[in-house]
Amino acid sequence: MARARNIKNPFLTLTSSPFILASLSTANGEDEPGLANSVMVPLPAQGVSGNVSKEEKEFWEKPNGEGYKPCLDFSIKYRKASSRISKEKRRFLAVVASGGLNQQRNQIVDAVVIARILEAALVLPILQVNLIWDDDSEFSDIFDAEHFKRILQADVRIVSSLPSTHLMSRQSIEHQIPSDVSPFWIRARFSRKLKEEGLLVLKGLASKLSKNLPPDLQKLRCKVAFHALKFVTPIQDLGYMLARRMWIEGQYIALHLRLEKDVWVRSGCLTGLGQEFDKIIAEVREAQPEYLTGRLNMSHTQRRLAGLCPLNALEIARLLKALGAPRSARIYVAGGEPFGGSQALQPLAAEYQNLVTKEMLSKEGELAPYVKKASAMAAIDYIVSLSSNVFIPSHGGNMGRLMQGHRAYVGHWKCIKPNKRAMIPFFEDNSLSDAEFGSIVRMLHRKSRGQPEPRSNKRDRDVIAHPEVMALSLASTVSETLLSVCAIALVAILSLQVEATSALTSEKFNTKSSDFPSDFLFGVSTFAPQTEGSPRQDGRGPSVWDNYAEKDPDVEALKQLGVNSYRFSISWGRILPGRTLTGGANSKGIQCYNNIIDRLIKYGIKPVVTLFHFHFPQILQDCTNGGFISRSTVNFSRDYAEVCFREFRDKVKTWITEWSECEGYIYWSLFDCIEWVNGYTTGFRFYYIDRTNDFKRIPKKSAKWYYDLINAGQNNAIVSSKQQVL
């Protein structure tokens, strides 16, 4: 995402951002209603000035957005269906959202997505009365209902209330919904009832809908969360007013402290305030054990070491100091009243004296309309926190995830997620100096400071917290049609070390396949220029890398090795020899890959396909004036990916959009691959190919080692005593 340019008058209410305006348009160039102006954005960022230490400069520095931008260009299929779904008048979905403000927001997001899945109109969500905070706010008290309808008018029909034809004296409420359900499950479970009765009422949607949805539905999630759910004008104006009072004084930190009484009850942790306070929490917990969430068999200490406890004020102070936050830093404290009052904040206030809350920032009477409205107060906290230079949550939660995603969506503003599990043991180590402790803490958080975090192989990440899955960049977008990313467990094996140590065996290494998870994939890989022949054979078009020709991979060799997966790349030019789909796909090329896939499946080997591994078609390199540095390549790659997914998706379940260094890898390579970084003098592979002897495959010592690792305890062997082993 590109960084927003400075806005000359920071005292104007900000509702748009230049990079949002530039990137949030539909594929045909027409803006959706109000979409480009609907994102709530922070006040302009302030640079680091003056004589500051390296650590302090690093603390305030904004992360590199790496060119990511918001991308809500829905597919043609989605847009065609919208014309029908947005006019739905027979089927209605009503949803009851529970919990605090940000939990309700997440449920509203999923309610819209479920309405889209079921092709139903959505009644404005009902906010359940919150008994903990005694808040009876309705949807229109917190969110701008007309704005909500207008922004989503192309996606789902939103109505304020049910028509009289659908009113019933008694309506059953569906609340027994399992976690992580798919669109297929939603349709199978509710479509018939919705068709017959015309009305479906859902309750308890928190964390029920799968985090792994088709791209269009993921984009819809972002559209609802960051565009449609706009706070009503009085709340938004007050929030920005308080934010400007912080902003005018310079850089500031926003801390979302989870120190409220109910948080301590639910987390099962000690407060750090002494036995008197811990006893109060224990009594409430014993009287209402249903409040305790997860890990019931863990002690207080185990919970803390596992990172399941909120950071208390003392721990937050140590974290800030270690990260390089200056003692003069101004800190906005978001959250409810801490259990223990001012005593709970005392360790933090002793180290950082410029602590501010919304009550301290506001003038007399400004907060009066919201004194008993916890949701409105949380909304104000959200707005002020959004404009902070650095945001830090003490215990994750719904606001932490929403804020993380929102700050990423509007340009990657710094959001530091405390790595509690890794950090807590060092809190207990009194032998560490402040300098040593600071160095360790900064190292632990080097990758969690708000920089882009593509979901990659971590598919269960929430797209609202990690909206990069919706981002468009020249480097990352190969296709919007593929659902999967690097979602495969990969084994990292250092081949050169294995081959150099001839005495190494699986017995000495003391590792076997049973030490890994049951679904762990042991595999090998090749890429198209390694294993495919002439560019003129079977209608393939030439690529920018056409200097190496070999035979198709030997499936028999894979079977001998004992692997359960094989990663190979498809040659773009063999599938689409021309520039676009209009020139037609190459049927012989498609059949070639179908043959390989069928042979793999026959031997019980899982095919894993890499769409792009350097083999960019030469014709596109020439006509696009630069290949991947040209934006027109996005459309060409979409055509290529569409053909691949259409032709092979029934057999191939794991796809990788582009080759890259992942966290571990399926061993590269099965056959000869020359290592260019060593001046083309060395190679790495499991099998040596004797080109002077009819291309005979000869397993190397590394093949024997890998086989033993996978098949330890079995009686068969990869090589017989008569076979040569290099």
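User: Where is Gly47 found?
Analyst: Gly47 sits in the loop between α1 (18-23) and α2. Keep in mind that this is a predicted model.

User: Is Gly47 buried or exposed?
Analyst: Gly47 counts as exposed, because its relative accessibility is 55% and the cut-off for exposed is over 50%.

User: What separates the C-alpha atoms of Gly47 and Gly250?
Analyst: A distance of 9.4 Å. Along the chain, Gly47 and Gly250 are 203 residues apart.

User: Zooming out. How many helices and strands does the protein chain have?
Analyst: There are 28 helices and 19 strands.

User: And what share of the residues is buried?
Analyst: Of the 726 residues in the protein chain, 53% are buried.

User: How much accessible surface does the chain have?
Analyst: About 33,300 Å². Carbon and sulfur atoms account for 50% of that surface.

User: What about contacts between residues at least 6 apart in sequence? How many join residues at least 24 apart?
Analyst: Of those contacts, 78% join residues at least 24 apart.

User: Let's move to α19. Which of its residues are buried?
Analyst: Helix α19 covers residues 434-444. Its buried residues are Phe437, Gly438, Ile440, Val441 and Arg442.

User: What covers them?
Analyst: The cover includes α2 (54-60), α13 (313-323) and α18 (420-427).

User: How do α18 and α19 cross?
Analyst: Their axes come within 10 Å and cross at roughly 175°. That makes α18 roughly antiparallel to α19, because angles over 145 degrees count as such.

User: Which residues meet there?
Analyst: From α18, Ala422, Met423, Phe426 and Phe427. They meet Phe437, Ile440, Val441 and Leu444 in α19.

User: And α13 against α19, what's the crossing angle?
Analyst: Roughly 85°, with the axes coming within 8 Å. So α13 is roughly perpendicular to α19. On the α13 side, Arg318, Leu319, Lys321, Ala322 and Leu323 make the contact. On the α19 side, Asp434, Phe437, Gly438, Val441 and Arg442 do.

User: Which residue forms a salt bridge with Asp434?
Analyst: Lys321 does, with the closest N and O atoms 3.6 Å apart. The pair links distant parts of the chain, Asp434 in helix α19 and Lys321 in helix α13, 113 residues apart.

User: Is Asp434 buried or exposed?
Analyst: Asp434 is exposed, with a relative accessible area of 58%.

User: How many salt bridges does the structure hold?
Analyst: It holds 21. One of them joins Lys193 and Glu174, with the closest N and O atoms 2.9 Å apart.

User: What does the Lys193 and Glu174 pair tie together?
Analyst: Lys193 lies in helix α7 (residues 183-197), while Glu174 lies in the loop between β4 (158-159) and α7, so the pair ties together parts that are 19 residues apart in sequence.

User: Are these two buried or exposed?
Analyst: Lys193 is buried, at a relative accessible area of 14%. Glu174 is buried as well, at 14%.

User: Which residues are linked with them in a network?
Analyst: Arg189 joins in: Glu174, Arg189 and Lys193 are linked in a network of salt bridges.

User: Which residue does Arg245 meet in a salt bridge?
Analyst: Glu366, at 2.9 Å from N to O. This pair links distant parts of the chain, 121 residues apart. Arg245 is in helix α9 (residues 233-247) and Glu366 in the loop between α15 (358-361) and α16 (374-386).

User: New topic. Where is Ile281?
Analyst: Ile281 is in helix α11 (residues 275-287). Ile281 is buried, with a relative accessible area of 1%.

User: What does Ile281 touch?
Analyst: Not counting residues up to four places away in sequence, Ile281 touches Lys261, Trp264, Val265, Thr271 and Phe339.

User: And what separates the C-alpha atoms of Ile281 and Arg266?
Analyst: They are separated by 9.5 Å, with the two residues 15 apart along the chain.

User: Last one, α27. What length does it reach?
Analyst: Helix α27 (residues 633-648) has 16 residues and reaches 22 Å from first C-alpha to last. That is close to the 22 Å expected at 1.5 Å a residue.

User: Which α27 residues are buried?
Analyst: Among them are Thr633, Val634, Phe636, Tyr640, Cys644, Phe645 and Phe648.

Definitions and conventions. Residues are numbered from 1 along each chain as its sequence is written. This is a predicted model: local features need pLDDT of at least 70, side-chain atom pairs count only at pLDDT 80 or more; totals for chains, interfaces and linings use all residues. Side-chain values use heavy atoms; hydrogens and water are left out. Buried means under 20% relative accessible area, exposed over 50%, partly exposed in between (1.4 Å probe, protein chains only). Helices (H or I, at least four residues) and strands (E, at least two) are DSSP runs, numbered from the N terminus. Contact means heavy atoms within 4.5 Å. A salt bridge is a side-chain nitrogen of Lys or Arg within 4 Å of a carboxyl oxygen of Asp or Glu. The expected span of a helix is 1.5 Å times one less than its number of residues. Accessible areas come from the Shrake-Rupley method with a 1.4 Å probe; for residues, only the protein chains shown count as cover. Axes are lines fitted to C-alpha atoms, for helices over the stretch in contact, and angles run from 0 to 180 degrees between N-to-C directions. Angles under 35 degrees count as roughly parallel, over 145 as roughly antiparallel, 65 to 115 as roughly perpendicular and the rest as oblique.
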